[in-house]
Amino acid sequence: MSQRAQVMPLSAAIEECVRDGDSVALEGFTHLIPFASGHEIIRQRRKHLTLYRMTPDLIYDQLIGMGVADRLVFSWGGNPGVGSLHRLRDAVENGWPSPLELIEHSHAAMASAYDAGAANLPFAMLHGYRGTDLARVNRQVRTVTCPFTGTELAAVPAIRPDVGVIHAQRADAGCNVLLEGIVGVQKQVALASKRCLVTVEEVVEDFGPRSTNAVILPSWTLTAIAVVPRGAHPSYAHGYYARDNGFYIAWDSIARERDSFLAWMDTHVLRAANATVTA
Amino acid sequence: MSAAAYTGNEIMTVVAARALRSEDVCFVGIGAPSAACNLARLTHAPNITLIYESGTIATRPHVLPLSIGDGELCDTALTTVSVPEMFRYWLQGGRITLGFLGGAQVDRFANLNTTVIGEYARPKVRLPGGGGAPEIATQCGEVFITMPQSIRTFVDKLDFITSLGHGEGGDHRRRLGIATQGPTKLITDLCVMEPEPQTREMRVVTMHPGVTRERLQASTGWPLCYSDAVTETPAPTVAELAVLRDLQERTRRAHAA
């Protein structure tokens with residue numbers, strides 16, 4: 001169990017951690033979204049993945065549009081503040097490039113399901129979904145009755161992905177990882193996953209002065225670390241670079257048509273292999 | 001531009017901002033809700049507590065965020081918590097007095113659809129989905145909704161209920177075991193609606209300057225009810241518009257960079 005994470009190039013890390021047919025959660029709530037890892041998954045032509053993510057965002061628009069996924073488990077699928085994810089919509093509405101099965105939750109349920117996964121529980125419970133049609137279309141939403149009060153609660157299965165993929169600010173010489181700012185569900189995902197891959201902005205000798213309550217994932221909870229400066233762009237890394245809101249706005253027209261999307265992916269992802277990898 | 005000139009979106013945002021109080025703890029969505037909440041904070045409600053679902057508590061952004069998780073929100077927050085903590089302790093824990101929602105479709109009981117237009121399995125338009133809204137709608141003390149009003153979006157029957165308003169009306173929320181108030185204001189670019197105390201159907205309480213009942217009805221997919229004492233919404237003041245436009249200009253420049 002005390003297998004320690006190893007630093008390796010991103011291409012090797014994806015090869016090691018992500019296999020065809022895996023369930024994969026690339027998380028990061030607006031902040032620290034692991035774009036570079038998503039791009040490497042596309043370059044390595046992974047197939048038939050079940051993708052988990054609360055907010056699919058642009059990286060899942062790209063993964064779905066490039067045909068790596070059979071299934072998406074999610075709770076909000078838009079381009080934040082801009083509009084639709086056109087590739088996600090095309091997959092759901094028209095089956096392009098392939099049909100996509102949706103398993104749809106609310107944020108509260110999905111965050112709780114990651115938490116339950118990290119806690120080694122079979123399911124999560126919450127006051128949730130009351131009066132909505134979501135429980136009607138998602139058979140994973142059930143109910144349990146509190147044995148003490150008789151209160152009926154919503155229940156959803158714990159999320160235990162084969163692979164968790166996150167981005168963080170720093171690793172230290174001992175391969176521990178620190179993340180800060182909007183920390184989302186990354187700690188839960190890392191601890192819920194069978195294997196966890198982390199890309200980091202940099203490796204430092206020592207984390208130095210920090211809050212005693214800093215979010216740190218010890219090396220023995222992780223599988224692979226790859227050093228990828230700007231590996232979250234166009235999302236951001238607090239303390240390193242800001243969210244590229246201009247790109248989020250520009251993505252709307254890039255992704256609107258299949259041709260412009262494929263041309264962009266070809267130039268910026270498929271033919272940019274490992275361009276930013278320094279490990 | 002004369003003092004009286006404003007857009008529909010501006011009056012909607014200003015009227016929503018006026019309804020917010022300094023003591024509110026407000027769960028903020030992106031778009032019109034975010035603009036209204038920050039306008040309130042920059043005018044009459046300087047101590048309002050704004051919470052975004054990314055985990056930022058008591059945030060004071062200088063420009064409006066494009067997403068619910070822009071760095072600006074974290075930089076200016078009192079504290080930032082994880083997303084499971086946000087939904088479990090703060091929202092489900094009952095700490096939030098007011099939730100602010102919008103949607104693609106709303107019905108007469110202020111139920112909201114942000115999931116699909118058409119059939120779920122074969123949607124005509126796949127919308128983003130629920131996100132935080134299904135639980136915001138039942139766990140905040142009360143809910144304000146802002147939406148531009150049109151015959152396409154104010155519909156007789158929702159294609160999908162993503163977030164519960166007053167359900168089928170009457171005591172439907174109570175029967176589902178929900179103790180919170182649900183939608184207490186539906187603020188549009190044409191009017192303000194509030195629930196009738198017994199039926200819980202949303203009815204018009206104020207109409208924005210220059211709006212007629214004919215125009216309101218033509219923009220609504222069900223026969224509208226009116227309160228016994230409908231008044232005219234006070235127009236946005238020069239000062240309110242100046243603060244709002246300044247905020248939106250700062251935001252535009254920041255996001256274009």
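Reader: Leaving aside residues up to four places away in sequence, which residues does A:Leu63 touch?
Author: Bear in mind that this is a predicted model: local features need pLDDT of at least 70, side-chain atom pairs count only at pLDDT 80 or more, and totals for chains, interfaces and linings use all residues. Residues are numbered from 1 along each chain as its sequence is written, while chains are lettered from A and ligands numbered from 1 in the order in which they are written. Two residues touch, or are in contact, if their C-beta atoms, placed from the backbone, lie within 7 Å. On that basis, the partners of A:Leu63 are A:Gly38, A:Ile41, A:Ile42, A:Leu51, A:Val68 and A:Ala69.

Reader: In the largest nonpolar core, which residues touch the most other members?
Author: Buried means 20 or more other C-beta atoms within 10 Å of a residue's own; exposed means 12 or fewer, and partly exposed is in between. A nonpolar core is a set of buried Ala, Val, Leu, Ile, Met, Phe, Trp, Tyr and Cys residues joined through C-beta atoms within 7 Å. The largest one has 157 residues, and the best connected are A:Leu63, A:Ile225 and B:Cys26.

Reader: And which helix supplies the largest share of this core?
Author: That share is 8 residues, from a helix spanning residues 107–118 of chain A. Helices (H or I, at least four residues) and strands (E, at least two) are DSSP runs, numbered from the N terminus. By that numbering, the helix is α5(A).

Reader: Which helix gives the largest share of the side of chain B that touches chain A?
Author: Across the chains, 43 residues of B are in contact with 45 of A. On the B side, α3 (71–75), α4 (83–91), β9 (123–126), α5 (133–139) and α8 (238–256) each supply at least two residues. The largest share, 5 residues, belongs to α4(B).

Reader: Which residues make up the uncovered face of β8(A)?
Author: Strands pair if DSSP finds at least two bridges between them, and β8 (123–126) runs antiparallel to β10 (152–157) of chain A over 4 bridges. A:Leu126 stands opposite A:Ala154, and A:Met125 opposite A:Ala155. In a regular strand, side chains alternate between the two faces of the sheet. The covered face has A:Ala124 and A:Leu126, leaving the uncovered one to A:Phe123 and A:Met125.

Reader: What is the phi of A:Gly150, in the turn between β9(A) and β10(A)?
Author: β9 (142–145) of chain A pairs with β10(A) in the antiparallel sense over 4 bridges, with A:Arg142 partnering A:Ala155. The two strands form a hairpin with 6 residues between them, and A:Gly150 has a positive phi of about 80°.

Reader: Which strands stand at the edges of the open sheet in chain B?
Author: The 10 strands of this sheet follow the order β4-β3-β2-β1-β5-β10-β11-β12-β13-β14, with mixed pairing. Two of them have a single partner strand each, so one side is left without a neighbour in the sheet: β4(B) and β14(B).

Reader: Is A:Gly77 buried or exposed?
Author: A:Gly77 lies in the loop between β4 (69–74) and β5 (78–79) of chain A. Beyond four places in sequence, this glycine touches A:Pro56, A:Leu85, A:Leu88, B:Pro128 and B:Gly129. With 26 other C-beta atoms within 10 Å, A:Gly77 is buried.
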